[in-house]
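Hi there,

Here is the structure I promised to pass on to you. Have a look at it first, and then read my notes below.

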Amino acid sequence: MANSLSFEVWPTSDLNEVWKIIGADGEQGEEVKITLTPEMQNVELYYEMSQQSTSEGWQFADNGTFFVDAQDNFNYQVNSVVANAGKSMIVSISSLSSGQTIPPDIAADMAANPDKVFVVNLITNNNFEIAYRLIAKNDHLNGNVRYFSQDPRVIIDDPDIP
């Protein structure tokens, strides 16, 4: 698998419709599975607003993403940046490693108790998910309103972990 993937985006203000997120291969980009290789250190996801959407006033807003859940986020770093006057957005996933994770019940306990100190025995895990939403605005509708996509989650898979 390549270390970069490209997607074209068609946002919508209709809450009964999902955004169209289409990969360069013509496939839906709502779930991307990335298989780690030993030499892979980073992945770039390029999102481009469709030409039709741009002409209708759409652009990526703020930093372009709202991270809903970054499971095992000590195994990677995620950054996003909006470029090209809001027509483009790049999600960079770097420092990729896998193999161990915090047990889900302890992760939930950690999130619920921010003032508590933890000592955690990690467990083996060969895949984890990064859940986020794309953020857009539409200057033809109301530039102060933000629109959030459905979750185009990314699944990181490491087949070398037993």
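In which strand is the place of Ser-92? Ser-92 belongs to strand β7, which covers residues 88-94. Before we go further, please keep in mind that this is a predicted model. The side chain of Ser-92 makes a polar contact with the side chain of Glu-44, at 2.7 Å. If you set aside its neighbours within four places in sequence, Ser-92 is in contact with Val-43, Glu-44, Gln-77, Val-78 and Asn-79.

How confident is the prediction? The chain has a mean pLDDT of 84, and 89% of its residues reach 70 or more. Among the elements of the chain, helix α1 (residues 51-55) has the highest mean pLDDT, 96, while strand β8 (residues 99-101) has the lowest, 74.

Now to the charged side chains. Side chains of opposite charge can pair when their charged atoms come close. How many salt bridges does a search of the whole structure find? The search gives two. One of them joins Asp-62 to Arg-146, with the closest N and O atoms 2.9 Å apart. Asp-62 counts as exposed, because its relative accessibility is 52%, whereas Arg-146 is partly exposed at 28%.

Most residues other than glycine have a negative phi. Asp-62 is not a glycine, yet its phi is positive, at about 55°. Ala-85 also has a positive phi of about 55° although it is not a glycine. You will find Ala-85 in the loop between β6 (77-83) and β7, and with a relative accessible area of 65% Ala-85 is exposed.

The other salt bridge is formed by the side chains of Lys-116 and Asp-109, at 3.3 Å from N to O. Both ends are partly exposed: Lys-116 has a relative accessibility of 46%, and Asp-109 has a relative accessible area of 26%.

Next come the aromatic rings. The count of aromatic pairs is four. In one of these pairs, the rings of Trp-58 and Tyr-147 have their centres 4.9 Å apart and their planes at 75°, so the pair is edge-to-face. Why does this pair tie together parts that are 89 residues apart in sequence? The reason is that Trp-58 lies in strand β5 and Tyr-147 in strand β11. Are these two residues buried or exposed? Both Trp-58 and Tyr-147 are buried.

Another pair is made by Phe-67 and Tyr-132: the ring centres are 5.5 Å apart and the planes are at 50°, so this pair is tilted. The pair links distant parts of the chain, with Phe-67 in strand β5 and Tyr-132 in strand β10, 65 residues apart. Phe-67 is partly exposed, with a relative accessible area of 29%, but Tyr-132 is buried, with a value of 1%.

One last thing to find on your screen is a charge and a ring. The charged end of Lys-20 sits over the ring of Trp-10, at 4.8 Å from the ring centre.

Enjoy exploring, and write back with any questions!

Best wishes

Technical notes. Residues are numbered from 1 along each chain as its sequence is written. This is a predicted model: local features need pLDDT of at least 70, side-chain atom pairs count only at pLDDT 80 or more; totals for chains, interfaces and linings use all residues. Side-chain values use heavy atoms; hydrogens and water are left out. A salt bridge is a side-chain nitrogen of Lys or Arg within 4 Å of a carboxyl oxygen of Asp or Glu. Buried means under 20% relative accessible area, exposed over 50%, partly exposed in between (1.4 Å probe, protein chains only). Helices (H or I, at least four residues) and strands (E, at least two) are DSSP runs, numbered from the N terminus. A polar contact is a pair of N or O atoms within 3.5 Å; within protein, one must be able to donate a hydrogen and the other to accept it, and residues adjacent in sequence count only if both atoms are side-chain atoms. Contact means heavy atoms within 4.5 Å. Rings of Phe, Tyr and Trp (its six-membered ring) pair if their centres lie within 6.5 Å; planes under 30 degrees apart count as stacked, over 60 as edge-to-face and the rest as tilted. A charge sits over a ring if NZ of Lys or CZ of Arg is within 6 Å of the ring centre and within 35 degrees of the ring normal. pLDDT is the predictor's confidence in each residue, from 0 to 100.
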